[in-house]
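Trainee: I have a model open on my screen and would like to talk it through. Could we start with how the chains meet?
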There are 2 protein chains.
Amino acid sequence: MDDKGNNERRRPKFKKVDKHSGIPAYVQVMNQVKTEVILGRLVPGDQLPPVRELETMFDVNVNTILKALDKLKSEGVLSSEQGVGYFVTSNIAIESPIIDELGEFVRKIKNVGLDLYTTILLIEEVWKNE
Amino acid sequence: MDDKGNNERRRPKFKKVDKHSGIPAYVQVMNQVKTEVILGRLVPGDQLPPVRELETMFDVNVNTILKALDKLKSEGVLSSEQGVGYFVTSNIAIESPIIDELGEFVRKIKNVGLDLYTTILLIEEVWKNE
DNA sequence: TATAGTGTTATAGTTATATAGAACACAGAA
DNA sequence: TTCTGTGTTCTATATAACTATAACACTATA
């Protein structure tokens, strides 16, 4: 059928990690990959780009990529087959009405002049006391 | 009058840092202190507990405390006087209606079953694309 | 079988993070 | 002045995070 059989290989766009953010590189890699799955831009069956390609996309070492993907494997989000590749295994996508609601919330917050960092601090704080 | 003259020394409650969270201890300390100021539980003029007391409250070394407070000094949130103490200098408190709105948002999100980690991932993602 | 594309493991070295412990410096009150 | 409470600096050590590099193992295809 299309070009690869059952599941195409989509080409997710990943950004280089920020090495001065204080957040470990492997965590940033995890977060970016997981976000793609949560937003449904990667779905179960999809294959990730090869680790050596991820290496250059994220601008980190293979070992850092592996550490990140390993964690996502233990979470059940990904699986890997030696000699073949990494695949999305779990459907953790969020429904789009919820995404829309998030968007509206973010717009409001930006309107009152809060920055991202402060917003996240507050959400964490409120979350624990709700 | 009260007990210290102009500005009492309030006793903020800080929690021990989570040493397995992957977030550097000094960042966790920064976040907790800054949150108190943002929520207006510490206001300009207030004095922080002595660093050696913070050491035990957060369960980290003095040097880690100093690193965190140094950062907040460069942000202008705190200042320090040798031999005296650390003081809140900047009013970055958020108005309570905004806090309330955050609370409502968090309640909604919890209702649909998202966890904190996922929520923050999504907010970061949406934030950059709004 | 041979080859290319993939994941996996291992070693060594560097830097960032965090700790422990000690000493020093300043402010304020006795 | 002396003492206590405070912030500050320093050195040494340990661990985690990250990198570079190389080698190895499996899969699929020619």
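Mentor: Bear in mind that this is a predicted model. Chain A and chain B bury about 4,000 Å² between them, and 74% of that area is on carbon and sulfur atoms.

Trainee: How many residues does the contact take from each chain?

Mentor: The contact draws 39 residues from chain A and 39 residues from chain B.

Trainee: And how many salt bridges are there across the interface of chain A and chain B?

Mentor: The rule finds 4 salt bridges across that interface. One pair you can look up is A:Glu101 with B:Lys108, which form a salt bridge whose closest N and O atoms are 2.8 Å apart.

Trainee: Now the helices. At what angle do helix 5 of chain A and helix 5 of chain B pack?

Mentor: Helix 5 of chain A and helix 5 of chain B, each covering residues 116-128, pack at an angle of about 160°, and their axes are 11 Å apart. Angles over 145 degrees count as roughly antiparallel, so helix 5 of chain A and helix 5 of chain B are roughly antiparallel to each other. Helix 5 of chain A passes helix 5 of chain B in a right-handed crossing.

Trainee: Which residues make that contact?

Mentor: From helix 5 of chain A the contact uses A:Leu116, A:Thr119, A:Ile120, A:Ile123, A:Glu124 and A:Trp127, and from helix 5 of chain B it uses B:Leu116, B:Thr119, B:Ile120, B:Ile123, B:Glu124 and B:Trp127. Sorted by class, the contact of helix 5 of chain A with helix 5 of chain B has 8 nonpolar, 2 polar and 2 charged residues.

Trainee: What about helix 1 of chain A against helix 5 of chain B, how do they pack?

Mentor: Helix 1 of chain A, residues 25-38, packs with helix 5 of chain B at an angle of about 90°, with the axes 10 Å apart, and the two helices are therefore roughly perpendicular to each other. The residues in this contact include A:Met30, A:Lys34 and A:Ile38 of helix 1 of chain A, and B:Tyr117, B:Leu121 and B:Glu125 of helix 5 of chain B. By class, the residues of this contact divide into 5 nonpolar, 3 polar and 2 charged.

Trainee: Changing topic, which elements does chain A have, and in what order do they run?

Mentor: Chain A has 5 helices and 2 strands, and from the N terminus on its elements run α-α-α-β-β-α-α. The C-alpha trace of chain A spans about 50 × 35 × 25 Å along its principal axes.

Notes. Residues numbered from 1 in each chain as written. Chains lettered and ligands numbered in written order. Predicted model: local features only at pLDDT ≥ 70, side-chain atom pairs only at ≥ 80, totals over all residues. Heavy atoms only, no water. Axes fitted to C-alpha atoms, helices over the stretch in contact; angles between N-to-C directions. Helix = DSSP H or I, 4+ residues; strand = E, 2+ residues; numbered from the N terminus. Parallel < 35°, antiparallel > 145°, perpendicular 65-115°, else oblique. Left-handed = near helix turned anticlockwise from the far one by under 90°. Contact = heavy atoms within 4.5 Å. Nonpolar A, V, L, I, M, F, W, Y, C, P; charged D, E, K, R; others polar. Buried area = accessible area lost by both parts, 1.4 Å probe. Salt bridge = Lys/Arg side-chain N within 4 Å of Asp/Glu carboxyl O.
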